[in-house]
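Hi,

Here is the structure we talked about passing on. Please open it alongside this email; my notes follow below.

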Amino acid sequence: MKHLRILECAPGVIAYYDGRVPDYRFMPGPNWVDDGAISLGIASYVLESENKALVYDTHVSVEHAKFIRADLARRGITEITVLLSHWHLDHVAGTEAFAGCEIISTRKTSQHLSAHKAGIEDGSFHGPPAIKPLILPTRTFEGEMEFTLGRRKLKFIEANIHSDDAALVWCAEEGLLLAGDTMEDTVTYVGEPEHFETHLRDLDRLWALNPQFIFPNHGDPEIIAVGGYGKGLIKAQGQYIRTLMRCRTDAALRAKPLHELIAGPLEMGWVNYFAPYEEVHAQNLRRVLGN
Ligand SMILES: [Zn+2]
């Protein structure tokens, strides 16, 4: 917890960011908190308006989530709603700290969590630490859902990018998009390469919204802190996915290091190079090639 920092990204947009700190580990041994989240950096977001808050993901532990809830109380927040970006453990682990609040997700997120509840609670699914009790969503949606947060008019948008159950938050008036893991800086983490075509279609759908300020849950804290990413982040994801698809048949492309593969987007400043993503890329390649 000593590296959890509060970033005031924009008016009424707060990131609770942990990780991306050299030599810092959350716990000893292999575990999903360090390996998928803290080593790369992870944020949960809060949108606030008129003493109401939308908490977008409950972070990597109940401790983290309690910290967020206490900070919201200090800010005078009297009503909290939680939206889960998707069902992966680093996004839902702290939900217990929001007991009594409405917990919203896509229907698929709820189904995935329910199906794996026993394994998540005993730590056999993706290994330690266990999340016990795993709190399930209290309300679900499919497609889109309108949501009013004080003076803010929001839309929750379901998408199949990174995982088949993603929920994004879109505020058209402000051009603000909370992206969950549908976009990531340096590159997306591939778990479901069989859905690449759908990922690309849904990225196009997000591009058409014309977002001006994009906030991914895994990204560079220095960029998140000053207002997030531009639309180029969407383009960078699409190009990287297409490159991975070409890697299936192109051995020379497979041999290139990540920073060469994404040289264009790096040069454009759409994404930034963070060396630990070389390992993410190596894993992505293994998944794409099916080994
Ligand atoms: Zn994640």
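The largest nonpolar core in this predicted model has 81 residues. Y45, V46, V55, L83 and L168 have the most contacts inside this core. Helix 8 (residues 232-247) supplies the largest share of the core, seven residues.

Take Y45 as a way in. Beyond its neighbours within four places in sequence, Y45 is in contact with V13, I14, A15, Y56, L178 and F215.

Now helix 8. It has 16 residues and reaches 22 Å from first C-alpha to last, close to the 22 Å expected at 1.5 Å a residue. Its buried residues are L233, I234, A236, Q237, Y240, I241, L244 and C247. Seen down the axis of helix 8, these fall within an arc of 160°, so they line one face of the helix. As a reminder, an α-helix has 3.6 residues a turn, so residues three or four places apart point the same way. What do the buried residues of helix 8 pack against? Their partners are helix 6 (196-209), strand 12 (213-216), helix 9 (251-254), helix 11 (263-268) and helix 12 (277-289).

Seven strands form an open sheet in the order 1-2-3-4-5-6-7, with mixed pairing. Strand 1 (5-10) and strand 7 (139-141) are the edges, each pairing on one side only. Neighbouring strands are turned by 25° against each other on average, direction ignored.

Two helices to look at here:
- Helix 2 (residues 62-74) packs on the sheet and touches strand 1, strand 2 (13-18), strand 3 (42-49), strand 4 (52-56) and strand 5 (79-83). Its direction makes about 25° with that of strand 3.
- Helix 4 (residues 107-115) also packs on the sheet, touching strand 6 and strand 7. Its direction makes about 100° with that of strand 6.

Strand 6 (residues 102-106) and strand 7 run parallel, joined by three bridges. T106 has F141 in strand 7 as its bridge partner.

At the other end of the strand order, strand 1 and strand 2 pair in the antiparallel sense over five bridges. L7 stands opposite A15 in strand 2. The two strands form a hairpin with two residues between them. G12, in the turn, has a positive phi of about 70°.

Six of its six residues are buried, so strand 2 is largely enclosed by the rest of the structure. V13, A15 and Y17 cover one side, and I14, Y16 and D18 are on the other. Strand 2 also runs antiparallel to strand 3, through six bridges. There, Y16 stands opposite S44.

Best wishes

Key:
Residues are numbered from 1 along each chain as its sequence is written. This is a predicted model: local features need pLDDT of at least 70, side-chain atom pairs count only at pLDDT 80 or more; totals for chains, interfaces and linings use all residues. A nonpolar core is a set of buried Ala, Val, Leu, Ile, Met, Phe, Trp, Tyr and Cys residues joined through C-beta atoms within 7 Å. A residue is buried if 20 or more other C-beta atoms lie within 10 Å of its own, exposed if 12 or fewer, and partly exposed in between; C-beta atoms are placed from the backbone. Helices (H or I, at least four residues) and strands (E, at least two) are DSSP runs, numbered from the N terminus. Two residues are in contact if their C-beta atoms, placed from the backbone, lie within 7 Å. The expected span of a helix is 1.5 Å times one less than its number of residues. The arc is that of the directions from the helix axis to the C-beta atoms. Two strands pair if DSSP finds at least two bridges between them. Axes are lines fitted to C-alpha atoms, for helices over the stretch in contact, and angles run from 0 to 180 degrees between N-to-C directions.
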